[in-house]
Amino acid sequence: MNAAQGLIIGFVALLLIGGIFLFSGEATNNTTVRVGYLPILGDLPVFVAQEKGFFEKNSVQVELIRFESSNLAVEALVRGDIDVLGEGSIVPVLIAEQIDPGNIKLISYLDIVSETPFDQLIVKSDSSILNLNGLAGKKIGVFPGSTSAALLRHFLEQKGVDVSTITFVQLPPSNQLPTLESGSIDALLSFEPTTTIALESGSYTSIYGSVFASLLNHSPQGAGMMSTAFIQKNPILAQQTVHAFDDAIEYMQTNEQDVRETVIPKYFKLSPQVSQKVQITHSISSDEMDPSIVQAFANLLTELGELPHAVNVNGLLFLQ
């Protein structure tokens, strides 16, 4: 059984459980919006909305709930444990969409390009690994869940690296740099802000820029999403929540320096120096989403064998 098949079996069970919750009317809370997030910079719109009062402006009261992997967060969304996920991998969503479409709507997505890399391959500065070929036979740390390892594996195969000799080790962000420093892994596919923390320390170096952007420029690998059950039960509150995220994304685009000075240091516990240098990946708001971008990514996953068959994303986006 491959990783995609295993995820499908898991999501079948989750969707059945989610259906029971929906039928019993226990899937959502009508007063507080439960917003899941991951400790990565892709979830910056969550913290901008919180810090700059966009939830309050749109009459939305939130409870923020942290997750350590996209798979766990999306499972919670399907199950009805949260109503919104600020940003998570779109891959488990596409898998769920193939099994029982219409349970999740995308409300935003990241626009991952090489100029502002969301991810980079890093090693210790004194490592003998100087390029991608040096990764053969090594251990590489990846973000928890199936997506990062699967995409990295395909990327390295395209570059002619023998991935059969590579061990992919799933690590939460808090353990990534200590594990790399200890030598328990030889390289790390790091996300922001971990990448800039590492590079600014002088103890680590990058051997390659964005893997995700290399596979598909303008990659929507990460996306904000909302439970369809929540939308159906609370249509006005759902609209208000989406507007709060849209406001936050617009603020990020027009007030980047303020975000670097007031939001990133507070919510990610970063020094002013690191906060000024982290790569902020552009987020696409609900009213700017392009279905063809998401479809291109879904098609890529199908070609790579990560999706068992093609998926039509036309009904997946929350289009106002």
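# Reading helices, cores and contacts

User: Which residue follows helix H8, and is its phi positive or negative?

Analyst: Gly202 comes after H8, and its phi is positive, near 85 degrees. Helices here are DSSP runs of H or I with at least four residues, strands are E runs of at least two, and both are numbered from the N terminus. Before we go on: this is a predicted model, where local features need pLDDT of at least 70 and side-chain atom pairs need 80 or more, while totals for chains, interfaces and linings use all residues. Residues are numbered from 1 along each chain as its sequence is written, and side-chain values use heavy atoms, leaving out hydrogens and water.

User: Which residues of H8 are buried, and what covers them?

Analyst: Buried means under 20% relative accessible area, exposed means over 50%, and partly exposed is in between (1.4 Å probe, protein chains only). In H8, which runs over residues 194–201, that gives Thr194, Thr195, Thr196 and Ala198. Their cover includes strand S5 (119–124), helix H7 (173–182), strand S8 (187–191), S9 and H13, with contact taken as heavy atoms within 4.5 Å.

User: Where in H12 is the kink?

Analyst: At Thr262, shortly before the proline Pro265, with a kink of about 30 degrees. That bend is the angle between axes fitted to the seven residues ending at a position and the seven starting there.

User: Which residues of H12 are buried, and which helices do they pack against?

Analyst: Val259, Arg260, Val263, Ile264, Pro265 and Phe268 are buried. They pack against helix H2 (44–51), helix H11 (235–254) and helix H13 (272–277). After H12 comes Lys269, again with a positive phi, near 55 degrees.

User: How does H6 look by the length test?

Analyst: H6 reaches 17 Å from first C-alpha to last over twelve residues, close to the expected 16 Å. Nine of those twelve residues are buried, so the rest of the structure largely encloses H6. Among them are Leu151, Leu152, His154, Phe155 and Leu156. The residue following H6 is Gly160, with a positive phi near 80 degrees.

User: What does the side chain of His154 make a polar contact with?

Analyst: Look for N or O atoms within 3.5 Å; within protein, one must be able to donate a hydrogen and the other to accept it, and residues adjacent in sequence count only if both atoms are side-chain atoms. His154 pairs with the side chain of Glu306 at 3.1 Å. His154 is buried, at 13% relative accessible area, and beyond residues up to four places away in sequence it touches Leu304 and Glu306.

User: How many residues does the largest nonpolar core have?

Analyst: In soluble globular proteins, nonpolar side chains tend to be buried together. A core here joins buried Ala, Val, Leu, Ile, Met, Phe, Trp, Tyr and Cys through side-chain atoms within 4.5 Å. The largest has 61 residues, and those with the most contacts inside it include Leu94, Leu152 and Leu156. Helix H14 (residues 291–304) gives the most to this core, six residues. A second, separate core of 35 residues includes Tyr37, Phe245, Phe268 and Phe318.

User: How many aromatic pairs are there?

Analyst: Rings of Phe, Tyr and Trp (its six-membered ring) pair when their centres lie within 6.5 Å; planes under 30 degrees apart are stacked, over 60 edge-to-face, and the rest tilted. The count comes to ten pairs. Phe155 and Tyr208 have ring centres 4.9 Å apart and planes at 55 degrees, so that pair is tilted. The two sit 53 residues apart, Phe155 in H6 and Tyr208 in strand S9. Phe155 is buried at 1%, while Tyr208 is partly exposed at 24%. Tyr37, Phe47, Tyr267 and Phe268 form one aromatic cluster.

Terms used. Expected span 1.5 Å × (residues − 1).
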